Amino acid sequence: MSKLIIYHGSPEIIEKPQFGKGKTYNDYGKGFYCTQHIELAKEWACTEDVDGFVNKYEIDLSNLKVLNLSSDKYTILHWLAILMKNRKLRLSTPVMKRGREWLIEHFMPVTEGYDAIIGYRADDSCFSFARAFVNNEISLNQLSYAIRLGKPGEQIVLKSKKAFDEIKFVSYEVCDNTIYYAKRKARDNEARKAFIAEQEKDDLNGLFMRDIIREEVKPDDARLR
């Protein structure tokens, strides 16, 4: 299980991923973002009217220190804290500002020293759901439901020079934008429609961002599981 086949969707063929490149405000900061799901990588590769490439790699994780946010040790709020730390976010209300600060202060995992991070990918619809939660518009249960709707998939992010030394290029495949951009848009639209329907419901017993701050909810709280 330590050896994985992973994929990276891109406008380019990337035979040798370069350490130190990438945007600092991606989900988990600067790094090389991949997935084990080839169909998702194909969607990420394409933009409207422009074909892309899915690059296939092999990587051995046995010698790498990996932070796996999907393990039982972490909750959705740990993942959300990392997003709040790294992604650009317009803080439109006082509760959103305080919510972001609270999550980073109390749920931000230690990421330094890890060679790779595994966790959900926050596409546009998924990130809008996260913003709605931090702004106290939806409950934690509704956030979890919304993320499942979007089916963002899990991503593997290479963070260290050691991780980049372990990745080996295998091959590439052209991705037709008329197929895969359309699939991405359809999945996003379906998730947003279902989210709007869910948002209109009253989750009277749900745990909201304001409750988490007021009650000083800790990571071991059973309601987060």
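## Strand pairing, cores and surface

Strand 4 (residues 66-68) and strand 5 run parallel and are joined by 3 bridges, where strands are DSSP runs of E with at least two residues, helices are DSSP runs of H or I with at least four residues, and both are numbered from the N terminus; two strands count as paired if DSSP finds at least two bridges between them. This is a predicted model, in which local features need pLDDT of at least 70 and side-chain atom pairs count only at pLDDT 80 or more, while totals for chains, interfaces and linings use all residues. Residues are numbered from 1 along each chain as its sequence is written, and side-chain values use heavy atoms, with hydrogens and water left out.

Strand 5 (residues 116-120) is mostly covered, with 4 of its 5 residues buried, buried meaning under 20% relative accessible area, exposed over 50% and partly exposed in between (1.4 Å probe, protein chains only).

Helix 4 (residues 124-134) is largely enclosed by the rest of the structure, because 8 of its 11 residues are buried; Phe-129 and Phe-133 are among them. Just after helix 4, Asn-136 adopts a positive phi of about 70 degrees.

The largest nonpolar core comprises 43 residues, and Phe-133 is one of those with the most contacts inside it; a nonpolar core is a set of buried Ala, Val, Leu, Ile, Met, Phe, Trp, Tyr and Cys residues joined through side-chain atoms within 4.5 Å. Helix 2 (76-86) and helix 7 (177-199) are among the helices that each supply at least two residues of this core, and helix 2 gives the most, with 8 residues. A second, separate core of 16 residues includes Leu-4 and Ile-118.

| Nonpolar core | Residues | Members include |
|---|---|---|
| Largest | 43 residues | Leu-77, Trp-79, Leu-103 |
| Second, separate | 16 residues | Ile-14, Ile-156 |

Ile-5, in strand 1 (residues 3-10), is partly exposed, with a relative accessible area of 31%. Leaving aside neighbours within four places in sequence, Ile-5 is in contact (heavy atoms within 4.5 Å) with Gln-36, Lys-56, Tyr-57 and Glu-58. Ile-5 and Gln-36 lie 31 residues apart in sequence, and their C-alpha atoms are 6.4 Å apart in space.
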